[in-house]
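Here are a few exercises to work through with the model open beside you. Try each task before you read its solution.

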Amino acid sequence: MIPGKEEVREALEMRHGKEIQDKISAAGVAICGLGGLGSAIAIALARCGVGKLHLIDFDRVDLTNLNRQQYDYEFIGMPKPEALEKEIRRFAPYMDITTDFIKLNVDNIPELLKEKYICEAFDDAEQKAMLTNKVLSDMPDRYLVGASGMAGYGESNTIKTRKVMKNYYLCGDGVSDINNTNGLMAPRVMICAAHQANKILELIIYGDSRIVED
């Protein structure tokens, strides 16, 4: 039997405290790219009770995704936003979730990304640069948390979070690349995703009053 909405909220407040949970529950986060990074970020934030998640990707779940992405065999062939929403609703049935099965570009970003907090979780370098440049140049009131460098295995502690400029944070080792390492593996990808989710939560809870590098 699924617990009621109020019971779920009380359980979150018991773990996080009411004041903190009020802030988390009032926040909306857009996650751009739902692969190894984005799917793990979304699940981490959903488990914390973030009020609204906006899930955006133009890809479908493939068998080769399952080594590091938060999907099951039953989701193969399904659009990633739809599959991830189904996964999240297994443990967060009352969450406000918006999905867009679409490829972001410079023209549709302003109309699609209304949330204050934005996670860049793309694999493609050009997509990363496009989203980052658009948000930083045209959406200065948003917080952007991106990623660079989480390929291969080992060296967990080289993955860091750093402030690049006002309202922009970058997580990863900044060096490792899928083309010159042993591919993408779940542990390091998930470490980087956890950094991104953790920075988003810090920004939601503390805003600009306590900004530290991890």
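**Exercise 1. Find what His54 holds on to.**

Task: Which side chain does the side chain of His54 join in a polar contact of 3.2 Å?

Solution. Step one: the side chains of His54 and Glu115 are joined by a polar contact of 3.2 Å. A polar contact here is a pair of N or O atoms within 3.5 Å; within protein, one must be able to donate a hydrogen and the other to accept it, and residues adjacent in sequence count only if both atoms are side-chain atoms. Before going on, note that this is a predicted model, where local features need pLDDT of at least 70 and side-chain atom pairs count only at pLDDT 80 or more, while totals for chains, interfaces and linings use all residues. Residues are numbered from 1 along each chain as its sequence is written, and side-chain values use heavy atoms, with hydrogens and water left out.

Step two: look for a backbone partner. The side chain of His54 also reaches the backbone oxygen of Leu112, at 3.5 Å.

His54 sits in strand E2; helices (H or I, at least four residues) and strands (E, at least two) are DSSP runs, numbered from the N terminus. With a relative accessible area of 3%, His54 is buried. The cut-offs are under 20% relative accessible area for buried, over 50% for exposed, and partly exposed in between (1.4 Å probe, protein chains only).

Step four: list the neighbours. Leaving out residues up to four places away in sequence, His54 touches Val29, Ala30, Ile31, Thr98, Asp100, Leu112 and Glu115, where contact means heavy atoms within 4.5 Å. As for Ala83, it is 29 residues from His54 along the chain, and their C-alpha atoms are separated by 13 Å.

**Exercise 2. Check the cysteines.**

Task: How many disulfides does the structure hold?

Solution. First, the idea: a disulfide is a covalent bond between the sulfur atoms of two cysteines. The test used is a pair of cysteine sulfur atoms within 2.5 Å. The count comes out at zero. Take Cys48, which is in no disulfide: the nearest cysteine sulfur, that of Cys119, is 12 Å away. Cys48 is buried, at a relative accessible area of 18%.

**Exercise 3. Buried or exposed?**

Task: Is Glu126 buried or exposed, and what about Glu111 and Asn167?

Solution. Glu126, in helix H6 (residues 125-138), counts as exposed because its relative accessibility is 65%. From Glu126 to His16 it's 110 residues in sequence and 38 Å in space, C-alpha to C-alpha.

Glu111 lies in helix H5 (residues 109-112) and counts as exposed at 57% relative accessibility.

Asn167 is in the loop between strand E6 (160-165) and E7, and it counts as buried at 8% relative accessibility. Check its backbone as well: phi of Asn167 is near 70°, a positive value in a residue other than glycine. Most residues other than glycine have a negative phi.
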